[in-house]
Amino acid sequence: MRKVVPFFICMSLILVVSNAQAAYMDKTTGIGQYRIIYKNPSPASCEVFIMGVGTAMSRTDYDYLGNAMANTYGYVLVVMDHNPGGMVKTDDTKYRNCALEVQSNILTWMSGTGCTSVAHWIMGGHSAGGQAAQNAISADAGLADGIFSIDPYNIEGAGIVNGPAIYWGFNVTTCFVEKTDAAEAAYYYTDGPRAFYRVNKVYGWTICGYAPKYFHCSFCDLHCPGCTNCVTTPSYFFNDIAKSVNKFITAAFYGTWSKANLTISSTTPLVLYVDSDAP
């Protein structure tokens, strides 16, 4: 029996200090809504990441992550809402259709930004969007050159994908997302080169009580009161993710894939698992 999809809403009550705003543009079509976050000017040959949003989330909820990836490394992050106006984001067909629309239009949309070609398409998502990506890519391996998902939700029973793949997740269950059925499960549901950055379980006292410092909704700009967690996400968390993404791109496409080449110096307490490592 499948689990009930959790309801997450990021509220504007909690502010997060992060990187300066990168350039961005919003696009709305008949099937999806997209926020394209990029460095201006962008590299001529762009590494483009498509990230499906999580349950009840929108394209405006991941600017801090996009800023870290774009400002420092020149990557393009397309935050994709493949079910705009709807709470549920697990539909892999809608995910695929929107991803194909991005692929067909990105260079036109980004005309004048410096990006004139796409080096690699990296696809994935957060939470429910990660599940949609997992199933879409497993059904059509040619859809993406690689995978980047942040704590994808309810992966047990999803499709098997081919790497290279990078996942971020947690060693604690939060927001009704079981730690063994999220990023850890996606790591095991990947054949080929794979990496899993698992954030350690760290608790502390907040105005909401004793809660994890890092949790399922740490990836979004603002937080999810439904998770009864008031811990703001420090800017270094997004910077550490961007570091790992840069290591991933370099090792997967321009260098040698190895644990040493994927290891980052991080402020976020974490453990890295690669290939045959068992979380």
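Contact here means heavy atoms within 4.5 Å, and helices (H or I, at least four residues) and strands (E, at least two) are DSSP runs, numbered from the N terminus. This is a predicted model, in which local features need pLDDT of at least 70 and side-chain atom pairs count only at pLDDT 80 or more, while totals for chains, interfaces and linings use all residues. Residues are numbered from 1 along each chain as its sequence is written, and side-chain values use heavy atoms, with hydrogens and water left out.

**View 1. Contact of helix H1 with helix H5.** From H1, Tyr 64, Leu 65, Ala 68, Met 69 and Tyr 73 meet Phe 238, Asn 239, Ile 241, Ala 242, Lys 243, Val 245 and Asn 246 of H5. The axes of H1 (residues 63-73) and H5 (residues 235-254), which are lines fitted to C-alpha atoms over the stretch in contact, come within 9 Å and cross at roughly 50°.

**View 2. The open sheet of 9 strands.** The strands follow the order S1-S2-S4-S3-S5-S6-S8-S10-S13 with mixed pairing, where two strands pair if DSSP finds at least two bridges between them. S1 and S13 (270-274) are the edge strands, each pairing on one side only.

**View 3. The hairpin of S1 and S2.** Strand S1 (residues 23-28) pairs with strand S2 (residues 33-38) in the antiparallel sense over 6 bridges, and the hairpin joins them through 4 residues. Thr 28 stands opposite Gln 33 in S2.

**View 4. Pairing of S6 with S8.** Strand S6 (residues 146-152) and strand S8 (residues 165-170) pair in the parallel sense over 4 bridges, with Ile 150 opposite Trp 168 in S8.

Key
Axes fitted to C-alpha atoms, helices over the stretch in contact; angles between N-to-C directions.
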